[in-house]
2 protein chains.
Amino acid sequence: MDENKKISIAVIKRLPRYFRYLSDLLKEGIERVSSKDLSERMGITASQIRQDLNNFGGFGQQGYGYNVKSLNVEIGKILGLNHGFKAIIIGAGNMGHALANYPNFEGRGFEIVGIFDVDPDLIDTKTNGIDILSMEMLDGFVKNNKVDVAILTLPYQFTREIAEKVVALGIKALWNFSPMDLKLPGDVVIENVHLSDSLMVLGFRLGKLKS
Amino acid sequence: MDENKKISIAVIKRLPRYFRYLSDLLKEGIERVSSKDLSERMGITASQIRQDLNNFGGFGQQGYGYNVKSLNVEIGKILGLNHGFKAIIIGAGNMGHALANYPNFEGRGFEIVGIFDVDPDLIDTKTNGIDILSMEMLDGFVKNNKVDVAILTLPYQFTREIAEKVVALGIKALWNFSPMDLKLPGDVVIENVHLSDSLMVLGFRLGKLKS
DNA sequence: TAGATTGTTAATCGATTAACAATC
DNA sequence: TAGATTGTTAATCGATTAACAATC
């Protein structure tokens, strides 16, 4: 395989789903799976599964299928789950707290190492064992600690400014929960989570259903 | 236009984004916009914008472009933002609280009318003015009130069971925050929000960036 | 070995982009 | 009217699906 081959975003977005289904199979104690079996579980074609996986390597064996455990490990590696990325949360409101207490971070290769807010009532408290610090501590914290990702859960009007600030501090990845398409110059990776967009799609589909 | 023409999911997912950009233009006091102007703001092609919009009708005018306000209103109507859907949240943990306090629901045509949990410490308290009720009240509540959407923010292991329960009670739309692909028989609309999938895509992209 | 299932090439399908006549 | 920009058809591109030789 060509390490630098451009993988389409459609394929990348399916990887976490493969990872989840393989983890489930593993939990069920199933050792091997064919693309056909997996396709029936996932509701996609076997052809697509084989095409997707072969972007990264030949993980299967003719006549046998795929070994669940080793394929699960391989996809985990492809996703970088072993990188031990460190993340900070900026904005300790309800969403910040929800993410700080999210049970799936560690298993996904991410660790929350700090939370920042401006509210004096929150500063110097903890949630899920993680310190909530003053925004004034942000610069020093990022300079003195390894921080790979900033999770932005702050009010809309502060998001762009803070995003620019953390990127200036050298952070290369943003997970943005404000309803705006953050775009920043340079080699910064941004994932925008637009809950209200998802809700509107639900509304559209429900409206169609009822009509 | 043909009201029953099948609109592709790719188009539907772009509608909330159009709605957001048009709302922003409106706030900036801009009255008209051409597909070319909008395409530059949004980072997509003008051709795609015109194709997308013409799935629903001819909202523009040759030589002029689109009226921002009326296009915004039209897309809002297409998305069903005027339907006044009523939603309940099941699971008053951190994520449930975050969504109960989410400022964008009302403007998106949704109203939270109740929250349910099993925790005695939470039952009969309020958040954002909405009552948190015992799970035992769920049946009666749904039977006696208009409830269009159930928002599922409960632990993984309870999600499928509760999803089946609320669908049996007649709810036709689920917004699911558990990391599983809920699929239910019948004409039920389900939007799965997979935060950990989004995070893993971020991890993949960050890993590529660093290599 | 015979059967099963992959990896991979070719065909198909659908979505995006380009082009331009219609028209405001 | 002349210029601008839409709505829409045609061309292109990319993603999905089908087919099958390779091989375990």
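What share of the atoms of DNA strand C within 4 Å of the protein belongs to sugar or phosphate, and what share to bases? Sugar or phosphate accounts for 56% of those atoms, and bases make up the rest. The model is predicted, so local features need pLDDT of at least 70 and side-chain atom pairs count only at pLDDT 80 or more, while totals for chains, interfaces and linings use all residues. Residues are numbered from 1 along each chain as its sequence is written, chains are lettered from A and ligands numbered from 1 in the order in which they are written, and side-chain values use heavy atoms, with hydrogens and water left out.

**DNA strand C**

- DNA strand C is surrounded by 25 residues, where a residue is near a molecule or strand if one of its heavy atoms lies within 4 Å of it.
- The closest of these residues are A:Ser35, A:Gln51, A:Tyr66, B:Ser47 and B:Gln51.
- The side chain of A:Ser35 has an N or O atom 2.6 Å from a phosphate oxygen of DNA strand C.
- B:Gln51 places a polar side-chain atom 2.6 Å from a base oxygen of DNA strand C.
- For B:Gln48, a polar side-chain atom is 3.2 Å from a sugar or linking oxygen of DNA strand C.
- Helix 3 of chain A and helix 3 of chain B each supply at least two residues of the surface near DNA strand C; helices (H or I, at least four residues) and strands (E, at least two) are DSSP runs, numbered from the N terminus.
- Helix 3 of chain B gives the largest share of this surface, four residues.
- The surface near DNA strand C has three nonpolar, 18 polar and four charged residues. Here Ala, Val, Leu, Ile, Met, Phe, Trp, Tyr, Cys and Pro count as nonpolar, Asp, Glu, Lys and Arg as charged, and the others, Gly among them, as polar.

**DNA strand D**

- Around DNA strand D there are 25 residues, and the closest are A:Ser47, A:Gln51, B:Ser35, B:Gln51 and B:Tyr66.
- Of the atoms of DNA strand D within 4 Å of the protein, sugar or phosphate holds 56% and bases hold the rest.
- Phosphate oxygens of DNA strand D lie 3.0 Å from an N or O atom in the side chain of A:Thr45 and 2.8 Å from a polar side-chain atom of B:Tyr66.
- A base oxygen of DNA strand D is 2.7 Å from a polar side-chain atom of B:Gln51.
- Two or more residues of the surface near DNA strand D come from helix 3 (46-53) of chain A, and likewise from helix 3 (46-53) of chain B.
- The largest share of that surface, four residues, belongs to helix 3 of chain A.
- By class, the surface near DNA strand D divides into three nonpolar, 18 polar and four charged residues.

**B:Asp52**

- B:Asp52 is part of helix 3 of chain B.
- B:Asp52 counts as buried because its relative accessibility is 3%; buried means under 20% relative accessible area, exposed over 50%, and partly exposed in between (1.4 Å probe, protein chains only).
- The side chains of B:Asp52 and B:Tyr18 make a polar contact at 2.6 Å. A polar contact is a pair of N or O atoms within 3.5 Å; within protein, one must be able to donate a hydrogen and the other to accept it, and residues adjacent in sequence count only if both atoms are side-chain atoms.
- Apart from neighbours within four places in sequence, B:Asp52 is in contact (heavy atoms within 4.5 Å) with B:Val11, B:Arg14 and B:Tyr18.

**The sheet of chain B**

- Chain B has an open sheet of seven strands in the order 5-6-4-3-7-8-9, with mixed pairing; two strands pair if DSSP finds at least two bridges between them.
- Strand 5 (126-127) and strand 9 (189-192) of chain B are at the edges with a single partner strand each, so one side of each has no neighbour in the sheet.
- Strand 3 (residues 85-90) and strand 4 (residues 110-117) of chain B pair in the parallel sense over six bridges, and B:Ile89 has B:Ile115 as its bridge partner.
- Strand 4 and strand 6 of chain B run parallel and are joined by three bridges, with B:Ile115 opposite B:Ile132.
- Strand 5 and strand 6 of chain B run antiparallel, joined by two bridges, and B:Lys126 has B:Asp131 as its bridge partner.
- Strands 5 and 6 of chain B form a hairpin with two residues between them, and B:Asn128 in the turn has a positive phi of about 55 degrees.
- In strand 6 (residues 130-134) of chain B, four of the five residues are buried.

**Helix 8 of chain A**

- Helix 8 (residues 195-210) of chain A has 16 residues and should span 22 Å at 1.5 Å a residue, which agrees with the 23 Å between its end C-alpha atoms. The expected span is 1.5 Å times one less than the number of residues.
- Twelve of the 16 residues of this helix are buried, including A:Leu199, A:Met200 and A:Phe204.
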